[in-house]
Amino acid sequence: MSRLVVVSNRVALPGENRAGGLAVGLEAALGTRGGLWFGWSGKVVREDSGRLHEQEAGDVRYVTMDLNRADHDAYYNGFANRTLWPLLHSRLDLVDYARETRAGYRRVNLLFAEKLAPQLRDDDELWIHDYHLIPLAAMLRERGVRCRIGFFLHVPMPSADLVSALPEHGRLFGTFFAYDLVGFQTARDADRFRTYARIFGGASVDANGTVKLPGGGTVAVGAFPIGIDARRIAQQSAAAVNKAAVRALRDSLSGRKLAIGVDRLDYSKGLPERFRAFGRFIERHPGERGKLTFLQIAPVSRGDVAEYQQLRDQLEGIAGHINGTHAAPDWTPLRYVNRNFPHPTLTGFYRLATVGLVTPLRDGMNLVAKEYVAAQDPDDPGVLVLSMLAGAAAELDAALLVNPYDLDGVADAIARAASMPLAERRERWESMMRPITGYDIHTWCRTFLGRLADAAG
C-alpha cells in the first residue's frame, strides 16, 4: 500500500486535543498506511519563514513550517481569509482585491512546495486540503513531483461568474487542473467547478463528470460530503449529561426548553439574521413567550479583522435589543456567549437542546448540524432547523429546512420545532442518522482515497 501524505494549513500534532472530526479521520488513515502530515506550525516568528520542525508518532511523521509575520499576514490573514474566504462564500462585497496579499499567498505556497517536494516519493498519494493551498499541486509538478495528488475544498465552490470577478482568476483557479482528483462537499459544488473548467479552462466534461483538458490531461471530479465520528459523539453526549457545566445549564433553564446555536464568529454563519429571526419568533408566537431560551455560543475568530469586530458589535446590539424588549424578571430570551467550551461539553449542550439552529448564509457542509443530530437522545430527540444554503442540507433533508434570509420562515420553523410531537421528532431523527452513521468521517477518508488511487491524471 502506498504511503499517504496529507498537507493542510494546520496540522493536528500528537498529544493535541482533537475536537475536530477531520483530524480524527486523517490520523486514522495515516496510521493505517503510514505517512506524513505537512503544514504550517502555527508559529509566527521574527526570522525568515521556512524553518521546519519534525516529530513522529508510530508510522506517522509530522513536519511543520514556521512563517514570519509578513508572510502570515499576506498569506493567511490577507489573501486566504480576506479575499478567498468571502469570494468562495459568494460575498463579493467583502472581497479584498489587494495585489500585495495575492503575491504573499503565492510566495508561501511556493515555500510549501520547496520544502515538501524533496520529501515526496513517486508512489505516494498526496492529499492537499482547502483554499489556503490551491496552487500547491501545480508548484509541485513544476518541481518534478509525479505522485498522484488529490485536493479537497472544504468550503463552497461559487458559480463561474463570481469566480471570474477575481482579478487574474485563471492564474489561481487554473492550478486546479494540476490535480488528479478534486473533491467537493456537494454535487452542486462539483458541477460549478466543471462549469468553470468549461467556460474558462476550455475543458470538456465526459459522461463520468471527468474534466478533459485541452492539452490532453484529465481531472477527476467528485462530491465527497465530509462526515463526523458519529459513534464517538453519541457516546460523548450521553456521558456529558452528568458534567457540571451541562447540569448547570439544565438547572438554569428552570424547566424551559433550550434552542442552541454553536458557530465560529463569522459573517458567513448568518448570526444577525438568526438573532432577528428569534426575536421575530417571540413576536409571531406570543403563546411561546417565556417557554424557550436561545443559547448562542460564538467564539471570537479573526478578532483583529475589522469586519469581525463590526459583526461582534452588531450581535451585541441585537441581543441587547431582544432581551431589553422581551425579557422578564425570571427569563432572559437570548444568551450570547463569546467563549469556547470543550467539545465533550458541547455535545452535552446539544443533547439538552430541543431545537438546534444551524442557519448559515452559505456553508460548505457545516458539521455542527451533523453533530447536533448525532448527540441527541434516541428516545427523545431534538429538532434541527437547518439552512438550505448549507451543504449538509443535501443529506439532512429531514431537518426543517429554511432560507436564513426569510426571518418569518425561520421564526415559524423554531415554533414548529419547539412543539413537534415525539413521533415526528423520532422519525426525522432516524432519517438523518442514516447518512450520518452510514457515511462517517472514516468512510469519507476511504472513499476519497479510493477514488484518488483510481484516478489517472
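# Strands, salt bridges and spaces in a predicted model

Ala12 lies in the loop between strand E1 and helix H1 (21–33). This is a predicted model, in which local features need pLDDT of at least 70, side-chain atom pairs count only at pLDDT 80 or more, and totals for chains, interfaces and linings use all residues. Residues are numbered from 1 along each chain as its sequence is written, and side-chain values use heavy atoms, with hydrogens and water left out. Helices (H or I, at least four residues) and strands (E, at least two) are DSSP runs, numbered from the N terminus.

Is Ala12 buried or exposed? Ala12 is buried, with a relative accessible area of 11%. Buried means under 20% relative accessible area, exposed means over 50%, and partly exposed lies in between (1.4 Å probe, protein chains only). Ala12 and Ala453 are 441 residues apart in sequence. In space they are 24 Å apart, C-alpha to C-alpha.

## The sheet

Strands of a sheet pair through backbone hydrogen bonds, either parallel or antiparallel. Two strands count as a pair if DSSP finds at least two bridges between them. Here, 10 strands form an open sheet with mixed pairing. Their order is E3-E4-E2-E1-E5-E6-E7-E10-E9-E8. Strand E3 (52–57) and strand E8 (204–205) are the edge strands, and each pairs on one side only. Strand E1 (residues 4–10) pairs with E5 in the parallel sense, over 4 bridges. Leu4 stands opposite Glu125 in E5.

## Around strand E12

Strand E12 covers residues 292–297. Because 6 of its 6 residues are buried, E12 is largely enclosed by the rest of the structure. Leu292, Phe294 and Gln296 point one way from E12. Thr293, Leu295 and Ile297 point the other way.

What joins E11 to E12? There are 6 bridges between E11 and E12, and the two run parallel. The bridge partner of Lys257 in E12 is Leu292. E12 also runs parallel to strand E13 (residues 334–337), joined by 4 bridges. There, Gln296 has Tyr336 in E13 as its bridge partner.

E11, helix H10 (residues 271–284) and E12 make a right-handed β-α-β unit. A crossover is right-handed if, with the strands pointing away from the viewer, the path from the first strand over the helix to the second runs clockwise.

## Salt bridges

Side chains of opposite charge can pair when their charged atoms come close. A salt bridge is a side-chain nitrogen of Lys or Arg within 4 Å of a carboxyl oxygen of Asp or Glu. How many salt bridges does a search of the whole structure find? The search finds 27 salt bridges. The table lists some of them.

| Salt bridge | Closest N to O |
|---|---|
| Arg61 and Glu54 | 2.8 Å |
| Asp122 and Arg146 | 2.6 Å |

Asp122 lies in the loop between helix H3 (99–116) and strand E5 (125–129), and Arg146 in the loop between helix H4 (136–142) and strand E6 (148–152), so the pair ties together parts that are 24 residues apart in sequence. Asp122 is partly exposed at 46%, whereas Arg146 is exposed at 63%. Arg61 is partly exposed at 22%. Arg416 is partly exposed at 42%, and Glu424 is partly exposed at 24%. Elsewhere, Arg280, Arg284, Asp408 and Asp412 are linked in a network of salt bridges.

## Pockets and cavities

On a 1 Å grid over the protein atoms alone, a cavity is a set of points where a 1.4 Å probe fits but cannot get out, and a pocket is an open set with protein on both sides within 12 Å along at least five of seven lines; lining residues have an atom within 4 Å of a point. Grid points are joined across faces, edges and corners, and a volume is the space filled by probe spheres set on the points.

The second largest pocket has a volume of about 340 Å³. It is lined by 20 residues, and the closest to its centre are Arg351, Leu352, Ala353, Thr354 and Asp380. Strand E11 (257–262), helix H12 (343–352) and helix H14 (407–418) each supply at least two lining residues.

There are 3 cavities of 30 Å³ or more. The largest cavity has a volume of about 60 Å³. Its largest lining share, 3 residues, comes from H2. The second largest cavity has a volume of about 40 Å³. E11, strand E14 (355–358) and helix H13 (367–374) each supply at least two residues of that lining.
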